[in-house]
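I opened a new model today and kept notes as I went. The entries follow the order in which I looked things up.

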Amino acid sequence: MCGATTVRGFRTVRPVVQPGFPVTDSSHDGVPAPRRILLVTGLSGAGKSSILRILEDLGHEVIDNPPLGMLDEIVTRAEQPVAIGVDSRTRGFDATAVLAALARLRVNPELQAELIYATAEESVLLRRYTATRRRHPLAMRGTVKEGIEAEIALTARLRAAADVVIDTSDLPPPELRQIVETRFGQWGGRMAEGLTVALMSFAFPAGLPREADMVFDARFLRNPYYDPALSSLTGLDAPVAAYVGADPDYLRFLDQIDGMLDLVLPRFVREGKKYATIAIGCSGGRHRSVTLVEALAGRLAERDRTESAPHIEKASGPPDVQSAMADGRGAWPVIVMHRELARQGRCSWRWASRPKEYATDVVEGRYSS
């Protein structure tokens with residue numbers, strides 16, 4: 001499948017390209033797109049290695065745990081997108097040195113350098129280490145808890161400076177794969193210029209989704225859970241959707257969320273955001289929130305976005321805003337995620353509005369640090 005060699009204590013992997021993910025860089029008007037360089041760091045046990053494997057599937061050359069002094073040489077010699085894993089095991093690891101290396105890469109106009117930070121709650125990391133019986137790299141003589149606390153302090157500056165923070169505490173591995181594929185997949189370059197909208201349903205008792213940019217509370221609507229005929233169903237089933245939709249305030253609530261997104265999403269584009277997560281929650285995360293997310297996804301997928309933001313003047317806006325508004329329906333790919341259904345083993349992730357040239361399979365798996 002791939003060729004792997006071990007050199008000076010780090011592993012380099014040539015990419016395996018899956019259907020739907022071309023590795024060739026796109027260009028606009030004959031100008032090559034900057035080559036992507038991703039530094040992947042974070043807490044041990046939070047999923048860094050899983051993220052690197054997904055990036056390998058997307059066509060990146062993956063180098064895990066190289067000496068920091070070799071980063072510039074690695075990037076110079078590479079001819080394709082590169083993902084480099086750096087963490088507390090890395091020889092000479094220091095947050096200041098990592099940030100300095102990132103700054104040097106960003107000076108080069110031919111590169112698009114980004115920092116990804118993988119994290120999880122301390123209790124989740126402890127549970128993962130207990131399950132695998134592995135020793136924490138910073139707890140060779142102390143406890144795992146002490147090692148986690150030391151690593152949090154050691155990498156705090158990296159988390160603060162990261163372009164993307166991925167919290168895997170309650171994120172099923174298939175959703176992690178889809179998040180990484182959506183953010184860093186290769187779709188001829190156009191995808192990276194616009195905004196990807198993720199609509200997520202969730203259960204409030206499980207906690208707020210940490211990646212959410214906006215959160216809406218649907219718990220005031222009538223709850224199908226108390227109807228014995230509907231309790232075992234979900235918002236994906238027509239009877240539940242009809243029950244929730246019959247609430248006298250349902251349509252008004254949906255319209256107001258829709259109107260809020262009409263205002264906010266174009267401004268996200270103006271600010272340069274590439275990924276926006278809109279979360280809707282209810283008590284159990286299976287009925288009202290799912291119904292609303294599905295209805296909102298249908299609206300976003302069908303709307304002509306040129307008409308949805310007439311207050312933005314395309315002639316005076318940045319190029320990415322102009323292109324997003326001009327492309328209409330295809331400008332904003334829309335993802336649907338139902339977190340509580342995913343926790344119950346249901347495959348709930350789907351595209352409501354798919355980016356061009358995209359195809360992939362969801363792969364089940366466990367996190368690895």
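**Entry 1: ground rules and overall counts.** I took helices (H or I, at least four residues) and strands (E, at least two) as DSSP runs, numbered from the N terminus. On that basis I find 14 helices and 14 strands in the chain. This is a predicted model, so I ask for pLDDT of at least 70 for local features and 80 or more for side-chain atom pairs, while totals for chains, interfaces and linings use all residues. Residues are numbered from 1 along each chain as its sequence is written, and side-chain values use heavy atoms, with hydrogens and water left out.

**Entry 2: burial and surface.** I call a residue buried under 20% relative accessible area, exposed over 50%, and partly exposed in between (1.4 Å probe, protein chains only). Of the 369 residues, 52% count as buried.

**Entry 3: contacts.** Contact here means heavy atoms within 4.5 Å. I looked at contacts between residues at least 6 apart in sequence, and 75% of them join residues at least 24 apart.

**Entry 4: the annotated site.** The unreviewed UniProt entry places a "binding site" annotation on Asp87, Ser88, Arg89 and Thr90. UniProt positions are given in the numbering used here, feature names are shortened, and annotations may be inferred rather than shown by experiment. Asp87 sits in the loop between strand 7 (82–85) and helix 3 (95–107). Is Asp87 buried or exposed? Asp87 is buried, because its relative accessibility is 4%. Beyond its neighbours within four places in sequence, Asp87 contacts Thr41, Gly42, Lys48, Asn65 and Phe93. I also find a polar contact between the side chains of Asp87 and Lys48, at 3.2 Å. The criterion is a pair of N or O atoms within 3.5 Å; within protein, one must be able to donate a hydrogen and the other to accept it, and residues adjacent in sequence count only if both atoms are side-chain atoms.

Arg89 lies in the loop between strand 7 and helix 3. Arg89 has 41% relative accessibility, so I log it as partly exposed. Leaving out residues up to four places away in sequence, Arg89 touches Lys48, Asp64, Asn65 and Pro137.

**Entry 5: helix 1.** Just after helix 1, Gly59 takes a positive phi of about 105°.

**Entry 6: Ile116.** Ile116 is in strand 8 (residues 111–119). Ile116 is buried, at a relative accessible area of 0%. Not counting residues up to four places away in sequence, Ile116 touches residues including Thr41, Leu55 and Phe184.

**Entry 7: aromatic rings.** I count three aromatic pairs. Rings of Phe, Tyr and Trp (its six-membered ring) pair if their centres lie within 6.5 Å; planes under 30 degrees apart are stacked, over 60 edge-to-face, the rest tilted. Phe220 and Phe253 form an edge-to-face pair, because their planes are at 80°, with centres 4.9 Å apart. Phe220 lies in the loop between strand 11 (214–217) and helix 9 (238–245), and Phe253 in helix 10 (residues 250–271), 33 residues apart. Phe220 is partly exposed at 46%, whereas Phe253 is buried at 15%.
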